[in-house]
Amino acid sequence: MYYHGHELCVLFEVCFTGFKKADKERLTTLATENKMFVRSSVTQNLQVLCCGYNAGPTKVTAARMKGVLILDEEQFLHMTSTGEVPDL
């Protein structure tokens, strides 16, 4: 959440892990264009952890413990293009 003027805005928070730099930058841009707030770590308000081929166990475990939705890149792209959370 953040304030824009006097209006409280709720952002969809996402974190990307396990991606090459160029892929992470591309996904970060896509998320930002879709009004998502990109986090660098698993936080209390995180909704989605998007995992690449080299995702480490620390962030994945932290996300599971907090009940965060864990998606791969294909599922994340589906979600951004359709607005639907993919079946897991």
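**Entry 1: Surface and ground rules**

I take accessible areas from the Shrake-Rupley method with a 1.4 Å probe, and for residues only the protein chains shown count as cover. By that method the protein exposes about 5900 Å². Carbon and sulfur atoms supply 53% of this area.

I note that this is a predicted model, in which local features need pLDDT of at least 70, side-chain atom pairs count only at pLDDT 80 or more, and totals for chains, interfaces and linings use all residues. Residues are numbered from 1 along each chain as its sequence is written, and side-chain values use heavy atoms, with hydrogens and water left out.

**Entry 2: Overall layout**

I looked up the secondary structure and found three helices and six strands. Helices (H or I, at least four residues) and strands (E, at least two) are DSSP runs, numbered from the N terminus. I read the order from the N terminus as β-β-β-α-β-β-α-β-α.

Next I checked burial. Buried means under 20% relative accessible area, exposed means over 50%, and partly exposed lies in between (1.4 Å probe, protein chains only). The protein has 88 residues, and 31% of them count as buried.

Then I turned to contacts (heavy atoms within 4.5 Å). I took the contacts between residues at least 6 apart in sequence; 48% of these join residues at least 24 apart.

**Entry 3: Thr-17**

I found Thr-17 in strand β3, which covers residues 12-17. Thr-17 counts as buried because its relative accessibility is 9%. Which residues does Thr-17 contact, leaving aside its neighbours within four places in sequence? I listed Leu-49, Cys-50, Cys-51, Gly-52, Ala-55, Gly-56 and Lys-59.

**Entry 4: Salt bridges**

I used this rule: a side-chain nitrogen of Lys or Arg lies within 4 Å of a carboxyl oxygen of Asp or Glu. How many salt bridges come out by this rule? The count is three.

One of them joins the side chains of Glu-13 and Arg-39, at 3.1 Å from N to O. This pair links distant parts of the chain: Glu-13 sits in strand β3 and Arg-39 in strand β4 (residues 36-39), 26 residues apart. Is Glu-13 buried or exposed? Glu-13 is buried, with a relative accessible area of 3%. Arg-39 is partly exposed, at 30% relative accessibility.

I then followed Arg-26. Arg-26 bridges to Asp-23, with the closest N and O atoms 3.5 Å apart. These two residues are three apart in helix α1 (residues 21-33), so about one helical turn separates them. Arg-26 is partly exposed at 38%, and Asp-23 is partly exposed at 27%.

Arg-26 also forms a salt bridge with Glu-73, where the closest N and O atoms are 2.6 Å apart. Here helix α1 is linked to helix α3 (residues 73-82), and the partners are 47 residues apart. Glu-73 is partly exposed, with a relative accessible area of 22%. Shared partners join Asp-23, Arg-26 and Glu-73 into one network.

**Entry 5: Aromatic rings**

I looked for rings of Phe, Tyr and Trp (its six-membered ring) with centres within 6.5 Å; planes under 30 degrees apart count as stacked, over 60 as edge-to-face and the rest as tilted. I found two aromatic pairs.

Phe-16 and Phe-19 form an edge-to-face pair, 6.3 Å centre to centre with 75° between the planes. Phe-16 and Phe-19 are both buried.

The ring centres of Phe-16 and Phe-76 lie 5.1 Å apart with planes at 90°, so this pair is edge-to-face. Phe-16 in strand β3 and Phe-76 in helix α3 are 60 residues apart. Phe-76 counts as buried, at 0% relative accessibility. Phe-16, Phe-19 and Phe-76 form one aromatic cluster.
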